[in-house]
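Subject: Structure handover

Hello,

Here is the structure we spoke about. My notes follow below it.

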Amino acid sequence: MSKKNWIFGRNVVITGCSTGIGKELTVQLVTKFGCNVLGVARNKEKLEALKKELGDKFDYRRFDISDEQAWNDFSEEVKSIGYNVDVLINNAGMIQDFSQYGDMDIATVKKIVNTNFNSVIFGVAAFLPMIKKSKFGYIVNISSASAILPVCGETIYSATKGAVKAFSESLAQDLSGYGIGVSCVMPGPVKTDLYKTRDGADDKAKKNYELVESIGITAEKAAKRIIKAMRKRKTRVLIDSVAKLMDFGMRVAPSLTQKLTCKAMKAACNLVPAFAPIFKEQIEHKEEIGKELKERKSAMYRSLKEVPEKGAFTE
Ligand SMILES: NC(=O)c1ccc[n+]([C@@H]2O[C@H](COP(=O)([O-])OP(=O)(O)OC[C@H]3O[C@@H](n4cnc5c(N)ncnc54)[C@H](OP(=O)(O)O)[C@@H]3O)[C@@H](O)[C@H]2O)c1
């Protein structure tokens, strides 16, 4: 057990501890750093299994993190039991199925915004007063590499992760005067249930996961990197080489990087069926869309010569 850094023995609250990166963070914080961890998720069986594995340094509460009142009730309860929180890790999140934004129903859009972004601002609001009292106050928000390079078919996921990034970077400046550190973690692909659960256990989901399996890192490795960044109190944390490559592309040639990424995804449609809904219409109606594009271009060209004298609202 490593006692050489400030993380040792801290009291932690973490969301999304039942699987994936959150579970690995919980296991490592308890077993390697002697932390107490109070985890949040919904799946009772998984949480119970984790409690059995980790013993009395771990406990959990079950609630939906997109519910603001649940956060307030939770922080009140935490206060009342005398659990003085040093570290808050906003990890839980969900992904969207790859699709055109216009094809998404607004209920799904709201669910993703509430789960991925609103939960983070609710969580920080609920626990900040307690974290300010700690000598070791720290906040970790898990964003995504898609906050740096937003990809096609992931409009809402990318937007929520971009919001988490902006919130975290601004919060880090707000809190620097209090000695409270904030890490914004932007992982590339990590081999977790994130992709599997969205699409169910069908063939499409399997193919989707195969891609992550081939280029992603393990949740164990991701958790190690996150703890290392916490130890160094780093604000901007890119994990791992895929995220670093995305960051490099967006620094050097942002438009080209976005264009090439979208083209590569379109070309990979057959290999990764999950990408297909993004480009389905473009592929199936290639000729008509091509014709429409040509007409639009020439209409635009014509309009440059024929600027209407009357405005749309001229009487
Ligand atoms: N895996 C990747 O490639 C990747 C890449 C970039 C960023 N990330 C981010 O990393 C974070 C962790 O993802 P992961 O890959 O570890 O995914 P995961 O294995 O699917 O885990 C998600 C966790 O969040 C919990 N959760 C989801 N919605 C919740 C809700 N409404 N209320 C309470 N708990 C909820 C789930 O628990 P229950 O189901 O028990 O509630 C689960 O413990 C996410 O924010 C994700 O966006 C992941």
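Two residues are in contact if their C-beta atoms, placed from the backbone, lie within 7 Å. Helices (H or I, at least four residues) and strands (E, at least two) are DSSP runs, numbered from the N terminus. This is a predicted model: local features need pLDDT of at least 70, side-chain atom pairs count only at pLDDT 80 or more, and totals for chains, interfaces and linings use all residues. Residues are numbered from 1 along each chain as its sequence is written.

Helix packing

Two packed helices are described by the angle between their axes and the distance between the axes. Axes are lines fitted to C-alpha atoms, for helices over the stretch in contact, and angles run from 0 to 180 degrees between N-to-C directions.

Helix H4 (residues 106-133) and helix H5 (residues 155-176) have axes that come within 9 Å and cross at roughly 10 degrees. H4 is therefore roughly parallel to H5 (angles under 35 degrees count as roughly parallel, over 145 as roughly antiparallel, 65 to 115 as roughly perpendicular and the rest as oblique). On the H4 side the contact includes Val-109, Ile-112 and Phe-117, and on the H5 side it includes Ile-156, Tyr-157 and Phe-167. By class, this contact of H4 with H5 has 13 nonpolar, two polar and one charged residues. Ala, Val, Leu, Ile, Met, Phe, Trp, Tyr, Cys and Pro count as nonpolar, Asp, Glu, Lys and Arg as charged, and the others, Gly among them, as polar.

The axes of H1 and helix H8 (residues 219-231) come within 8 Å and cross at roughly 60 degrees, so H1 and H8 are oblique to each other.

The sheet

Seven strands form an open sheet in the order S3-S2-S1-S4-S5-S6-S9, with parallel pairing (two strands pair if DSSP finds at least two bridges between them). Strands S3 (58-62) and S9 (236-239) stand at the edges with a single partner strand each, so one side of each has no neighbour in the sheet. From one strand to the next the twist averages 15 degrees. Strand S1 (residues 11-15) pairs with strand S4 (residues 87-90) over three bridges, and Val-12 stands opposite Val-87 in S4.

The ligand

The ligand is surrounded by 31 residues (a residue is near a molecule or strand if its C-beta atom, placed from the backbone, lies within 6 Å of it). Gly-16, Gly-20, Arg-42, Asn-43 and Gly-93 are the closest. H1 gives the most to this shell, with three residues. By class, the shell has twelve nonpolar, 15 polar and four charged residues.

Regards
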